[in-house]
Amino acid sequence: MTTTDETAAHDTVEAAIRVQLAKALGGVRGIVEAAVPTIAFTVMWIVTSDLKTSLIVSISAAVVLLIVRLLQRSTPQFVLNSLVGIGVGAFFASRTGEARAVYLPGILYNAAYSVAMLLSIVTRWPVVGFMIGSVTGDPTGWRADPAVVRLCSRLTWMLLIPCVVRVAVQLPVYLIGGNDAVAELGILKIVMGWPLQVAGLAAMVWLLSRGRTPVRPPALP
């Protein structure tokens, strides 16, 4: 739950979103933990061309990272995210017998996320706006100020674009390349994963540094 002191400390939209973005990114460790299962699977596939071995090594790597987090009593959020991702990919691959299916859930996730964010912008309920709500304790109060809605819409575009780029690049490779493209899909997922997300977040931070939009609209006289 957000405290009163925390809310007061973020009297602008920009400050509030910067705090939420920092939490979402998870630091260098969170980035590494998200990438390790994909790297392990891709490397093992290149070396062995064996789906079962590649899946076992990938899932084992995620489990080891999770155990380390639990032993350190630190948040396992980012490890769990990667473990769920590789678990779903393993299910797809085991059902189809095709190694490339490991990457299909990620492509579908990015496609669905793109559609959802686009709809949020079109309906003027941009998803970034709910970051403001999580800080202020009022989930929808930010919609009272058109300036905040416009800012959140621009920021949501910056989250949407990386997802669209991933789908536009990875889906044709998945459909055309078949199992011959497993290594390429792995490399694309790594290169277009956190690096692309960090670039999008950097653009958001740059935009946020240019303004000081009040969290609450000024009271009418």
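Of the 221 residues of the chain, 40% count as buried, where buried means under 20% relative accessible area, exposed means over 50%, and partly exposed lies in between (1.4 Å probe, protein chains only). The model is predicted: local features need pLDDT of at least 70, side-chain atom pairs count only at pLDDT 80 or more, and totals for chains, interfaces and linings use all residues. Residues are numbered from 1 along each chain as its sequence is written, and side-chain values use heavy atoms, with hydrogens and water left out.

**Overall architecture**

- The chain holds 10 helices and 0 strands; helices (H or I, at least four residues) and strands (E, at least two) are DSSP runs, numbered from the N terminus.
- Read from the N terminus, the order of elements is α-α-α-α-α-α-α-α-α-α.
- Among contacts in the chain with a separation of 6 or more, 71% are between residues 24 or more positions apart; a contact means heavy atoms within 4.5 Å.

**Nonpolar cores**

- The largest nonpolar core has 18 residues, and those with the most contacts inside it are Met117, Val128, Trp142, Cys152, Leu155, Leu159 and Met204. A nonpolar core is a set of buried Ala, Val, Leu, Ile, Met, Phe, Trp, Tyr and Cys residues joined through side-chain atoms within 4.5 Å.
- Two or more residues of this core come from each of helix 6, helix 7 (129-136), helix 8 and helix 10 (194-208).
- Helix 8 gives the most to this core, with 8 residues.
- Another core, of 16 residues, lies apart from it and includes Ala101, Leu104, Tyr174 and Leu185.
- Leaving aside neighbours within four places in sequence, Met117 is in contact with Val127, Thr156, Leu159, Leu160 and Cys163.

**Nonpolar surface patch**

- Leu118, Val122, Trp157, Ile161, Val165 and Val169 form a nonpolar patch on the surface, and their accessible area together is about 500 Å².
- Patches are made of residues with over 30% relative accessible area and no salt bridge; like charges are joined within 9 Å, and nonpolar side chains (Val, Leu, Ile, Met, Phe, Trp, Tyr) within 5 Å.
- Helix 6 (104-122) and helix 8 (146-177) each supply at least two residues of the patch, and helix 8 gives the most, with 4 residues.
- Val169 lies in helix 8 and counts as partly exposed because its relative accessible area is 34%.

**Salt bridges**

- The structure holds 2 salt bridges, each defined as a side-chain nitrogen of Lys or Arg within 4 Å of a carboxyl oxygen of Asp or Glu.
- Arg69 forms a salt bridge with Glu33, with the closest N and O atoms 2.9 Å apart. This pair links distant parts of the chain, as Arg69 is in helix 4 and Glu33 is in helix 3, 36 residues apart.
- Arg69 is buried at 6% relative accessibility, and Glu33 is buried at 4%.
- Arg100 forms a salt bridge with Glu98, and the closest N and O atoms are 2.9 Å apart.
- Arg100 is buried, with a relative accessible area of 16%, whereas Glu98 is partly exposed at 30%.

**Surroundings of Ser54**

- Ser54 is placed in helix 4 (residues 51-71) and counts as buried because its relative accessibility is 0%.
- A polar atom of the Ser54 side chain lies 2.8 Å from the backbone oxygen of Asp50.
- Not counting residues up to four places away in sequence, Ser54 touches Phe41, Met44, Trp45 and Thr48.

**Loops and backbone geometry**

- Ser49 lies in the loop between helix 3 (27-48) and helix 4; Ser49 has a positive phi of about 55 degrees although it is not a glycine.
- Arg73 is found in the loop between helix 4 and helix 5, and Arg73 also has a positive phi of about 55 degrees without being a glycine.
- Arg73 counts as exposed because its relative accessible area is 80%.

**Position of Gly85**

- Gly85 is found in helix 5 (residues 77-96) and is partly exposed, with a relative accessible area of 35%.
- Gly85 and Thr38 are 47 residues apart in sequence, and their C-alpha atoms are 9.4 Å apart in space.

Notes: Accessible areas come from the Shrake-Rupley method with a 1.4 Å probe; for residues, only the protein chains shown count as cover. A polar contact is a pair of N or O atoms within 3.5 Å; within protein, one must be able to donate a hydrogen and the other to accept it, and residues adjacent in sequence count only if both atoms are side-chain atoms.
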